[in-house]
Amino acid sequence: MSYKFYTNSRKTWQAMFDAIQAARDSVYLETYIFLDDLHNFNFLRLIKEKAKDGVRVRIVLDAFGSLGLSKQAVGELRAAGAEVFFYSNFLHRIHRKILILDERVAFIGGVNFHQAALKWSDLTLQIRGTMVDSILRSFAKVYAECGGRDTHILIHQKKIILDQTRNWLVEHFPEHRSATLKRIYKQALHRAEKNVILVTPYLWPRRWFVRALHQAVLRGVRVEVLVPKVSNHLLGDTVGYFFMHKLALFGVNFYLEPKMNHAKGMLIDGREGLVGSNNLDFFSFELNSEVGVFLKDPPIVRELATIIEKWKNKSVLFDPHTYKPKLLDYILSPIVYLFSRIF
């Protein structure tokens with residue numbers, strides 16, 4: 001597998017923009033947030049031009065996440081020849097981020113398309129090689145579920161036998177009772193011997209996840225979690241600090257990053273890694289469709305470790321003994337705790 005990491009939104013958008021410009025046959029996009037407000041990257045215009053030029057453009061957007069995309073913009077895309085579908089399933093969301101060009105190059109990770117994310121750190125993998133076939137198959141499944149009928153894409157739904165001795169695609173579809181992420185995280189935390197490093201913008205862990213982290217600490221594993229000191233969600237921060245305080249007293253080490261980091265990643269003993277779209281929260285584990293890549297190739301895992309180490313070096317260790325709960329914490333914490341115990 002040929003790969004390249006991108007560590008913030010701007011770098012990712014530039015690489016995606018260049019790749020779309022170079023596409024000759026097809027552009028397949030599936031994402032949670034796609035808005036027409038990126039001042040320096042006019043993806044809407046570029047994709048329309050590609051569709052007008054005869055490039056096969058197929059787009060799947062989440063109906064809630066991309067609610068701000070105007071009907072006019074959608075109409076222009078469709079008028080240009082692009083297919084645009086919206087995924088809507090009440091509580092379930094398409095939180096996946098996939099871009100595939102000419103069925104040979106793919107991007108997968110955490111980056112959305114909206115101006116608010118311009119200065120955020122994030123994590124995206126550009127991939128070439130046989131892994132693209134698995135990503136294409138995964139896109140085809142969601143495309144078909146949303147009503148897509150292009151047989152050129154639907155033919156890719158055939159099952160692929162994944163070689164899990166190396167890098168492999170992680171698919172998570174809770175609405176279809178295929179909650180893969182819970183199994184992956186439980187197994188990874190259980191087999192960790194020395195250290196676990198997690199990166200997430202939001203923290204609302206389930207009971208089983210709290211238990212798995214605590215068990216790892218009790219076995220002598222050093223567990224570290226990188227989170228933004230202040231994210232883009234006030235409620236998320238309130239909930240996150242409640243769980244940080246609780247887990248830090250159990251022995252989990254939290255590092256507060258000075259700027260918003262929207263990346264999602266995991267490292268186990270420096271030998272295995274995961275990069276994808278899922279947060280460490282109730283929504284990703286129980287409701288949202290997610291996608292990622294589980295990594296075992298030493299070079300790519302080492303590069304992921306280097307990226308995370310740079311973020312960690314700019315962070316400050318959270319001290320639960322000096323943290324002073326706010327009034328909102330006292331109001332929300334009992335509700336959050338009860339909710340996490342029920343589900």
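## Close-up views of a predicted model

View 1. Buried means under 20% relative accessible area, exposed means over 50%, and partly exposed is in between, for a 1.4 Å probe and protein chains only. The model is predicted, with local features needing pLDDT of at least 70 and side-chain atom pairs pLDDT 80 or more, whereas totals for chains, interfaces and linings use all residues. Residues are numbered from 1 along each chain as its sequence is written, and side-chain values use heavy atoms, with hydrogens and water left out. W204 also counts as buried, at 17% relative accessibility.

**View 2. Aromatic pairs.** Rings of Phe, Tyr and Trp (its six-membered ring) pair if their centres lie within 6.5 Å; planes under 30 degrees apart count as stacked, over 60 as edge-to-face, and the rest as tilted. The count by this rule is 24 aromatic pairs. In the pair of W204 and F282, the ring centres are 6.2 Å apart and the planes stand at 35°, so this pair is tilted. W204 belongs to strand 10 (residues 203-204) and F282 to helix 9 (residues 282-286), so the pair ties together parts that are 78 residues apart in sequence. For W208 and F209, the centres are 5.4 Å apart and the planes at 85°, so the pair is edge-to-face. Both W208 and F209 are buried. Helices (H or I, at least four residues) and strands (E, at least two) are DSSP runs, numbered from the N terminus.

View 3. W13, F17, F34, F41, F43 and F113 are linked into a cluster by ring pairs. N42 sits in the loop between strand 2 (26-31) and helix 2 (43-52). With 26% relative accessibility, N42 counts as partly exposed. Contact means heavy atoms within 4.5 Å. Leaving aside residues up to four places away in sequence, N42 touches F17 and D36. N42 and F17 are 25 residues apart along the chain, and their C-alpha atoms are separated by 8.5 Å.

View 4. Two strands pair if DSSP finds at least two bridges between them. Seven strands make an open sheet with mixed pairing, in the order 1-7-6-5-2-3-4. Strand 1 (2-8) and strand 4 (83-87) are at the edges with a single partner strand each, so one side of each has no neighbour in the sheet. From one strand to the next, the twist averages 10°. Strand 3 (residues 56-62) and strand 4 run parallel and are joined by five bridges. R58 has E83 in strand 4 as its bridge partner.

**View 5. Helix 3 over the sheet.** Helix 3 (residues 71-79) lies across strand 3 and strand 4 and runs at about 140° to strand 4. Axes are lines fitted to C-alpha atoms, for helices over the stretch in contact, and angles run from 0 to 180 degrees between N-to-C directions. Which residues of helix 3 are buried? They are A73, V74 and L77. These cover an arc of only 100° around the axis, which puts them on the same side of helix 3. The arc is that of the directions from the helix axis to the C-beta atoms. K71, Q72 and A79, on the other side of helix 3, are exposed. Helix 2, strand 3 and strand 4 are among the elements that cover the buried residues of helix 3. After helix 3 comes G81, with a positive phi near 115°.

View 6. Eight strands make an open sheet with mixed pairing, in the order 8-16-14-13-9-11-12-17. Strand 8 (168-172) and strand 17 (316-317) are the edge strands, each pairing on one side only. Strand 9 (residues 195-199) pairs with strand 11 (residues 222-228) in the parallel sense over five bridges, and I197 stands opposite E224 in strand 11. Strand 11 also pairs with strand 12 in the parallel sense over five bridges. There, L226 has Y255 in strand 12 as its bridge partner. In strand 12 (residues 253-257), five of five residues are buried. N253, Y255 and E257 point one way from strand 12, and F254 and L256 the other way.
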